[in-house]
Every structure is written in structure tokens, then in C-alpha cells.
Amino acid sequence: MESEFWFDSWEQGGTKTSFHLPEVHEHARLLARLGLVAGARVLVPLCGKTTDLRFFAETAAEVVGVELVPRAVAEFFAENGLDPVEEEPDVFRAGNLVIRRQDVFKLGPDVVGPVDLVYDRAALIAFPDDMRQRYADAITRLLRPGARYFINTLEYHPRLPSPPFSVGPEEIAERFGRAFDVEHVAAEPRPDHRMVAKFGLTDLVEHGFLLRAR
Ligand SMILES: C[S@@+](CC[C@H](N)C(=O)[O-])C[C@H]1O[C@@H](n2cnc3c(N)ncnc32)[C@H](O)[C@@H]1O
């Protein structure tokens with residue numbers, strides 16, 4: 001999706017930012033239970049103002065969020081009662097929690113540093129088909145062998161022309177199978193999901209994939 005779409009979404013708020021959840025996501029808790037968060041450097045691309053950032057920061061060595069829209073970054077710090085230091089232009093730090101206010105496509109390994117775990121919730125699926133491979137390549141570039149990459153996706157029918165886009169196991173294998181070992185760790189039917197009634201979907205499954213960089 002082009003940048004203006006996200007600037008407009010954050011400007012309007014309400015249903016336009018209904019991807020934002022008040023609670024820590026179950027998949028963030030799953031990663032902690034698997035021992036992948038404690039002591040790790042965790043990268044959260046397209047972080048919005050997710051509460052998962054704070055959850056990870058409780059035990060991680062460092063959490064680095066990446067978010068394009070200044071309003072989302074400002075809301076995150078304000079709503080969490082944090083007073084960050086701008087340690088470099090557009091890089092905000094509160095303790096071991098950093099948010100880089102920038103385009104994820106301009107992120108390089110030199111800037112990000114070593115990453116142990118990438119947590120991708122509603123990030124890959126925020127992009128239309130023609131941008132998803134570019135995004136997959138951008139994240140892959142950041143990771144050393146052994147690094148873990150968790151991807152949460154939604155798969156549903158009929159497919160919609162706006163985010164969140166439908167992405168299932170075949171697409172994950174196709175896009176990531178060369179550079180990563182892929183494990184399909186969660187597949188939960190979600191008939192209660194807000195999108196089912198709103199768009200008349202026949203089904204919706206929430207997936208979790210745990211990848212390891214080769
Ligand atoms: C669907 S939301 C998901 C937010 C978050 N992961 C969550 O779970 O609430 C996608 C987020 O990515 C941000 N975004 C979109 N394009 C971006 C880009 N190119 N670089 C960085 N952030 C971007 C949007 O502003 C939005 O906050």
C-alpha cells in the first residue's frame with residue numbers, strides 16, 4: 001500500500017486503524033513461551049502502536065520498532081506514558097525500546113544491527129501482491145543465518161482488494177522457502193474475526209509461521 005493510505009488511516013483513526021489491538025497478541029506470547037524473546041534483539045517492522053512492543057521489552061535485550069507514520073509513533077509513546085529521547089533524527093528511545101520513524105524499505109543491516117527475532121504481525125499482509133516480494137526481500141536482507149522470523153497472516157475468501165490481504169501457507173513457502181526453513185506453527189479458524197461479518201467472508205484462518213534464516 002502506498003504511504004498516503006497509511007497517513008490517512010492514522011489521521012482518521014477509528015475503523016481505519018482497527019488493526020490495532022488493545023491486548024498483547026497471542027502469537028507474541030507464543031514466541032515468549034518458546035524462549036525466543038528473553039535476551040533477544042527483536043525487530044518489529046510496521047509496528048504501528050502495538051502493545052506487543054512493550055510486552056517484548058519486558059524480557060528482550062532490545063526491541064526495535066519501525067513505523068512510517070509520525071502520528072502512530074507519537075500515540076504509542078503518549079498512550080504508554082513514555083517520554084522517549086530522540087537519540088538520532090527519527091530514532092526514539094525509551095529504555096530498551098526503540099522506534100525508528102522511517103520507511104521499512106530503506107532499512108539496511110548496517111543501521112539495524114544484529115537481529116535475533118523479527119515479529120511480523122499485520123505487516124507482510126499490509127502490502128498488496130506486487131509489494132510483498134519487495135518487502136520479503138527487504139526483511140531477508142537484514143537477517144543472518146540462524147535468525148528467526150515470525151509471520152502472522154490472515155487467509156480468507158473471497159480475497160479483498162485492500163489490507164489486510166489474504167496470505168496462506170503456499171505463498172509463504174513460495175516467497176520465503178529459498179532463504180528460510182519454514183515451520184507452520186499456528187492455524188486457527190477465526191469465525192469471530194471482525195472482517196468476517198463486515199465483508200461477508202466465508203471463512204478466515206489466522207496463521208503463524210516460524211522461519212529460520214539459512
Ligand atoms: C496493518 S498496520 C499493523 C500495525 C502493527 N503491526 C499492529 O500489529 O498493530 C501496518 C502499519 O505499517 C505502517 N507502514 C505502512 N507502510 C510502511 C512502510 N513502508 N514502512 C514502515 N511502516 C509502514 C502503517 O503506518 C501501519 O501502522
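These legends walk through several close-ups of one predicted model.

Local features are described where pLDDT is at least 70 and side-chain atom pairs at pLDDT 80 or more, while totals for chains, interfaces and linings use all residues. Residues are numbered from 1 along each chain as its sequence is written, and side-chain values use heavy atoms, with hydrogens and water left out.

**Figure 1. Here's the largest nonpolar core, with 39 residues.**
A nonpolar core is a set of buried Ala, Val, Leu, Ile, Met, Phe, Trp, Tyr and Cys residues joined through side-chain atoms within 4.5 Å. Buried means under 20% relative accessible area, exposed over 50%, and partly exposed in between, using a 1.4 Å probe and protein chains only. Among the residues with the most contacts inside the core are Leu 43, Tyr 135, Ile 139 and Phe 176. Elements giving two or more residues to this core are β2 (62-67), α6 (129-140), β7 (148-157), α7 (169-176), α8 (194-199) and β9 (203-213). Those labels follow DSSP runs numbered from the N terminus: helices are H or I with at least four residues, strands are E with at least two. The largest share, 5 residues, comes from α6. Apart from this core lies another one, of 25 residues, including Leu 53, Val 73, Ile 99 and Leu 210.

**Figure 2. Zoom in on Tyr 149, one of the residues with the most contacts inside the largest core.**
Contact means heavy atoms within 4.5 Å. Leaving aside neighbours within four places in sequence, Tyr 149 touches Val 118, Asp 120, Tyr 135, Ile 139, Leu 143, Phe 176, Phe 180, Phe 209, Leu 210 and Leu 211.

**Figure 3. Now for the ligand, surrounded by 16 residues.**
The closest are Trp 10, Leu 46, Glu 67, Val 104 and Arg 121. Sorted by class, the shell has 10 nonpolar, 3 polar and 3 charged residues. For that count, Ala, Val, Leu, Ile, Met, Phe, Trp, Tyr, Cys and Pro are nonpolar, Asp, Glu, Lys and Arg are charged, and the others, Gly among them, are polar.

At Leu 46, a polar backbone atom is 2.8 Å from a nitrogen atom of the ligand. Glu 67 brings a polar side-chain atom to 2.6 Å from a ligand oxygen atom. Leu 68 has a backbone N or O atom 3.2 Å from a nitrogen atom of the ligand. Taken alone, the ligand exposes 600 Å², and the protein buries 97% of that. Accessible areas come from the Shrake-Rupley method with a 1.4 Å probe; for residues, only the protein chains shown count as cover.

Just after α4, Gly 81 takes a positive phi of about 60°.

**Figure 4. Have a look at Ala 138 in helix α6.**
Ala 138 counts as buried because its relative accessibility is 3%. Leaving aside neighbours within four places in sequence, Ala 138 is in contact with Val 104 and Phe 105. Ala 138 and Lys 106 sit 32 residues apart in sequence, with 8.2 Å from C-alpha to C-alpha.

**Figure 5. Thr 153 sits in strand β7.**
Is Thr 153 buried or exposed? With 0% relative accessibility, Thr 153 counts as buried. A polar atom of the Thr 153 side chain lies 2.8 Å from the backbone oxygen of Val 167.

**Figure 6. Finally, some backbone details, starting with the cis peptide bond from His 157 to Pro 158.**
Its omega is near -10°, and Pro 158 is found in the loop between β7 and α7. Another cis peptide bond joins Pro 163 and Pro 164, with omega about 0°. Pro 164 has its place in the loop between β7 and α7. Asp 90, not a glycine, has a positive phi of about 70°. Asp 90 is in the loop between β3 (85-88) and β4, and at 31% relative accessibility Asp 90 counts as partly exposed.

Conventions
Near = heavy atom within 4 Å. Polar contact = N/O pair within 3.5 Å; in protein donor to acceptor, adjacent residues only side chain to side chain.
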